Amino acid sequence: MSSLDVSDDAYSYDFQLRPGPRDPSGLHLQAEHRSTHVWNAGGGDNQRSRVRCKFPALHRRMVPILRKLRSDGVARLTDGNVVTSFTCAESAEGGWRDLIKQMFGSTPDIKSRALHGGRLKLSWLDGVVPEVLPDDADENELVQYTQAYLLQLLGGVLFTDHQGSQVHCMFIPLLQNLSNCETLSWGSGVLAYVYRELCKSCKIGVEEITGCVLLVQLWAWTRLPTLAPVPSPPPLDIWGDLAGPYGLRWSGPKSFADVSSHVGG
């Protein structure tokens with residue numbers, strides 16, 4: 001029986017740790033990826049996201065509408081055929097003004113530039129609908145209030161851009177008829193959008209990330225328990241004890257006492 005050679009000559013000390021595969025030819029964008037900077041510089045940089053925190057107050061009369069549109073889940077986390085494309089036929093600013101007037105009965109003042117480049121300032125919506133929907137509001141006021149709320153949700157959380165204060169007018173035709181709106185799978189559109197924005201934000205030098213960062217945060221808390229706070233049961237509100245999405249578990253008070261502040265990879 002031959003003996004096991006444990007001498008120093010049996011080992012190679014010419015060892016190099018590399019951040020990627022041995023053959024990097026398949027990683028076409030690696031040179032632009034921020035992991036290259038992290039590996040070479042020994043650290044990363046922070047990225048900002050712009051999320052709107054102010055929304056019209058949810059009213060109990062909105063609950064059945066939002067549940068029918070399958071938008072109640074994300075509505076609760078911030079206090080739905082696949083969306084593969086958007087109707088942009090009314091791309092001229094005059095066309096957008098006509099659609100806005102049909103929906104809200106008024107249009108932004110031209111001098112205010114609340115409507116510019118096919119985007120509508122969310123602050124303009126604050127002045128169109130009341131801050132709180134009156135209990136005696138008629139059906140038309142309820143629909144307008146819900147449409148304004150959904151536009152702020154789309155521009156402020158689900159499809160955010162680098163401004164964080166605007167919503168693209170391409171969403172307005174989709175919300176004109178709430179009955180048709182419920183046939184769209186908004187979740188698929190949100191997921192596709194955030195995947196694209198995550199790819200963009202991986203590039204070196206990109207300072208902001210757009211898209212639904214709330215979804216990314218909830219995913220991280222679910223899949224990386226060392227980063228997740230300890231949740232407490234959310235309080236009962238206008239939704240009562242209606243079942244909600246999994247992420248709703250973090251909508252109540254949270255404790256960060258045992259959360260790791262430094263995580264090594």
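## Salt bridges, a helix face and a charged patch

Being three residues apart in helix α9 (residues 186-201), glutamate 197 and lysine 200 are separated by about one helical turn. In general, an α-helix has 3.6 residues a turn, so residues three or four places apart point the same way. In this predicted model, the side chains of glutamate 197 and lysine 200 meet in a salt bridge, with a distance of 3.7 Å from N to O. Glutamate 197 also forms a salt bridge with arginine 196, where the closest N and O atoms are 3.2 Å apart, and in this way Arg196, Glu197 and Lys200 are linked in a network of salt bridges.

Glutamate 197 is buried, with a relative accessible area of 6%, because buried means under 20% relative accessible area. Arginine 196, by contrast, is partly exposed at 45%, and lysine 200 counts as partly exposed with a relative accessibility of 45%.

A search of the whole structure finds three salt bridges, which are listed in the table.

| Pair | Distance, N to O |
|---|---|
| Arginine 119 and aspartate 161 | 3.1 Å |
| Arginine 196 and glutamate 197 | 3.2 Å |
| Glutamate 197 and lysine 200 | 3.7 Å |

The pair of arginine 119 and aspartate 161, whose side chains meet in a salt bridge at 3.1 Å, has another setting. Arginine 119 lies in strand β2 (residues 119-121) and aspartate 161 in the loop between α6 and β3 (166-168), so the pair ties together parts that are 42 residues apart in sequence. Of the two partners, aspartate 161 is buried, with a relative accessible area of 11%, whereas arginine 119 is partly exposed, with a relative accessible area of 29%.

As for the chain as a whole, there are 10 helices and five strands. Of its 265 residues, 35% count as buried, and its accessible surface comes to about 16600 Å², of which 53% belongs to carbon and sulfur atoms.

In α10, Val213, Leu218, Ala220 and Trp221 are buried. Seen down the axis of α10, these buried residues fall within an arc of 160°, so they line one face of the helix.

Arginine 113 has a positive phi of about 55°, although arginine 113 is not a glycine. The place of arginine 113 is in the loop between α4 (93-104) and β1 (115-116), and arginine 113 counts as partly exposed, at 47% relative accessibility.

Technical notes. Residues numbered from 1 in each chain as written. Predicted model: local features only at pLDDT ≥ 70, side-chain atom pairs only at ≥ 80, totals over all residues. Heavy atoms only, no water. Buried < 20%, exposed > 50% of the residue type's maximum accessible area, 1.4 Å probe, protein only. Helix = DSSP H or I, 4+ residues; strand = E, 2+ residues; numbered from the N terminus. Arc of directions from axis to C-beta. Areas by Shrake-Rupley, 256 points an atom, 1.4 Å probe, with all protein chains shown as cover. Salt bridge = Lys/Arg side-chain N within 4 Å of Asp/Glu carboxyl O.
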